[in-house]
Amino acid sequence: MSQTFYITTPIYYANSLPHLGHLYTTIVADAMRRYKRQRGFDTYFLTGTDEHGINIQRAAEKAGRTPKEQTDYISGELKRMFRDFGLDTEHGGYDVFMRTTAPFHYEGSQHIWREIAKGKTPKGNDPIYKGFYEGWFCAPCAEYKSEDEYFTPDGSEVPFCLIHERPLDKVSEESYFFRLSDFNEFLIDKIENTPGLVRPEARKNEVLSFVRRGLQDLSISRLKSSVSWGVPVPGDEEHVMYVWLDALTNYITAIGYGNEERASIGFEKYWKNVVHLVGKDILRFHTVYWMSFLHAAGLPLPSTVYAHGMWLDVDGRKMGKTIGNVIEVDVLHEHFQVDAVRYFVLREMVFGQDGRFGYENLIERANADLASGLGNLASRTFSMLTKYREGKVPAGKIAEENYIHARRAGLDPDGQELVSVVTHARDQFCRRFDNFEFSQGLEALWAVIARVDKMISDAKPWELIKDERQSETLNAVLYRATETLRWLAVMLYPVMPDASKSIYSQIGLDGDVSRLDPADLRWSELAAETAIGETVGVFPRIDRSKVMSEIQQETEKRQEVTEEQKPLVPDASAAPNEEENFISIDDFLKVELRVGEIKVAERIPNADKLLRFEIDLGEEKPRQILAGLAEYYEPEKLIGRKVVVVANLKPRKMRGLESQGMICAASLEDGSGPIPAIATFVEDVEIGARLK
Ligand code: ME8
């Protein structure tokens, strides 16, 4: 049975549209898996979307969608991008697109929770205990704020919400905790002593020094009343799991851990050799947290967590919409060959370090390495075969008596030198790829291209053809160039699947490159007399100024459209708000206003001001809402009236009754104080309709 190889990308957040970063990690994983498949491994490749948690809940609210609609939309967009770039199953890419909202994933996540709870920490304690989570709460946002969501103004003792610019309340909430503080020594020992567990070395040291500073226990649940969008904690429906616990667990539920649905994929089989590819931004989650969770659940650790660097713009700045330096994946897809993009990202970024991405760099590299390099070698070789040898691969051996002629043409007569160059480059390429050193692996192959180009230029086939005595020399040059192309086509398959297949078939070969092991390549296995296929250019030259001006124009157009779509009020999150009274459209959309019909309206005993309503919002059952309207309205007269309800207001208790929303009313002044006038509709509006 062949050895297995399981590779994963992070599952990307379903709160915003996919970008170059997501494309990048997935291309790397895809290339690695294609390489391992060629090497004979039984491979499995996972990508997908992370669909729970407050950020998704918030993004959905912002966009006026339900969380389910939001996650369907983003995972759909991600799948579209993957399809465009040939990373989907149909093109030989991922085997599974995980979505953490899948029922089998709920099952598996709850299973790991139970397993963790059953076990003991390395220090013999219960890994999970109940405590209180303390945090800064923003009432208008109805949520806890993390450090990057608040600021502390000078002179204030408490932080302020970035959105509302008002003080936050220190609130503590019941939560389950994971006893992470018991895992320090375990993690240090494992990470220090397991070769390749955390890579590259610099990142490993980073994690170790983080762990050495001491670990704090981790809150691993949130009350459902504050974060509703998540996997319920088994045995306690009031809580949902911390999103990272559920997200990380996707790597094992996908292959059948803790659920029947995917058991046939084979957890036992694939968990033996697994590589998690991640950006350095989420290294800590995949090492400190994930490894502790796994160990607590009695499961083996992954073989490798490899953290790569980040793409920055050409000037080394982080990419962002506000600076306008984002590389658009749709632009990439429209203007560049998929293989060129794949080659560029693998060649340009030294894996593990940050890299710089600009359209111009991409064009430069594609023209130099692909159009003038590999593409030119292929097209000149095929056109010479057509022109000089009627489209057939000649025999490559030179008879000893002709060595003298070959030498005269500057060609090594027995060709051993080239064989050893190519073989050495192949070995190096494999070693580099095994070691995630994609850029250096490709460099080794381009040295071969340069070498063969030089062989052709030195030998000058266009001169050789004129001399009868140089017939074998010409044959040898053509054979060696074609044989090198065969090797390159096999080796380059993981990086440029389309170009590789194209070159392979242009040579006249019909094997399946995706299954050819570069280690099995033997020089001169290309049979003489092979009739080459139809010649097609693999990498057309990119007209730099034309493409750049098209991209420029499109970017401008896109910006104009965005300008037009901009809300009439400035976006508070984009620029400091000088006009205190303005809020952004997004802020407004956070308030969910809905049409409701009053079904019940009654006084509350011993309360002069409050009325109790039951209002139908088109939901399963009417909401109970309390409002201070008793002094102004006869409750009976309000029954049947359509009103505007703030539907996402945090429920609060008044007089022992829970009020689940608010009725909107204008405030009129009659000199003695404000008098409410309930907002209503002249038209016949549908119950539950949203106001925007
Ligand atoms: O972190 N350059 O999802 P996410 C290179 N859901 N890669 C980049 C990049 C950049 N500029 N920006 C993003 C999450 N990435 C969690 C993961 S896993 C159990 C849960 C890539 O949508 C890189 O792989 O924020 C990074 O780690 C990932 O996208 C973050 O994706």
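Ala, Val, Leu, Ile, Met, Phe, Trp, Tyr, Cys and Pro count here as nonpolar, Asp, Glu, Lys and Arg as charged, and the others, Gly among them, as polar. The structure is a predicted model.

**Exercise 1. Describe the shell around the ligand by number, class and secondary structure.**

Solution. 
- Step 1: The ligand is surrounded by 21 residues, and the closest are Ile11, Thr25, Asp50, Asp281 and Trp311.
- Step 2: Sorted by class, this shell holds 11 nonpolar, 8 polar and 2 charged residues.
- Step 3: At least two residues of the shell come from each of β1 (4-13), α1 (20-38) and α7 (243-253).

**Exercise 2. Count the aromatic pairs, then classify the pair Phe5 and Phe41 and the pair Trp244 and Phe285.**

Solution. 
- Step 1: Ring centres must lie within 6.5 Å; planes under 30 degrees apart count as stacked and over 60 as edge-to-face.
- Step 2: The count by this rule is 37 aromatic pairs.
- Step 3: Phe5 and Phe41 have ring centres 6.3 Å apart and planes at 70°, so this pair is edge-to-face.
- Step 4: Because Phe5 belongs to strand β1 and Phe41 to the loop between α1 and β2 (42-50), the pair ties together parts 36 residues apart in sequence. Both Phe5 and Phe41 are buried.
- Step 5: Trp244 and Phe285 are stacked, at 3.9 Å centre to centre with 10° between the planes.
- Step 6: Trp244 is in helix α7 and Phe285 in helix α9 (residues 283-296), so this pair links distant parts of the chain, 41 residues apart.

**Exercise 3. Why does Trp244 count as buried?**

Solution. 
- Step 1: Buried means under 20% relative accessible area.
- Step 2: Trp244 counts as buried because its relative accessibility is 10%.

**Exercise 4. Which charged ends sit over the rings of Phe5 and Phe97?**

Solution. 
- Step 1: Over the ring of Phe5 sits the charged end of Lys36, 5.2 Å from the ring centre.
- Step 2: Over the ring of Phe97 sits the charged end of Lys79, 4.9 Å from the ring centre.

Note on methods
Residues numbered from 1 in each chain as written. Predicted model: local features only at pLDDT ≥ 70, side-chain atom pairs only at ≥ 80, totals over all residues. Heavy atoms only, no water. Near = heavy atom within 4 Å. Helix = DSSP H or I, 4+ residues; strand = E, 2+ residues; numbered from the N terminus. Phe/Tyr/Trp six-rings, centres within 6.5 Å; stacked < 30°, edge-to-face > 60°. Buried < 20%, exposed > 50% of the residue type's maximum accessible area, 1.4 Å probe, protein only. Lys NZ or Arg CZ within 6 Å of the ring centre and 35° of its normal.
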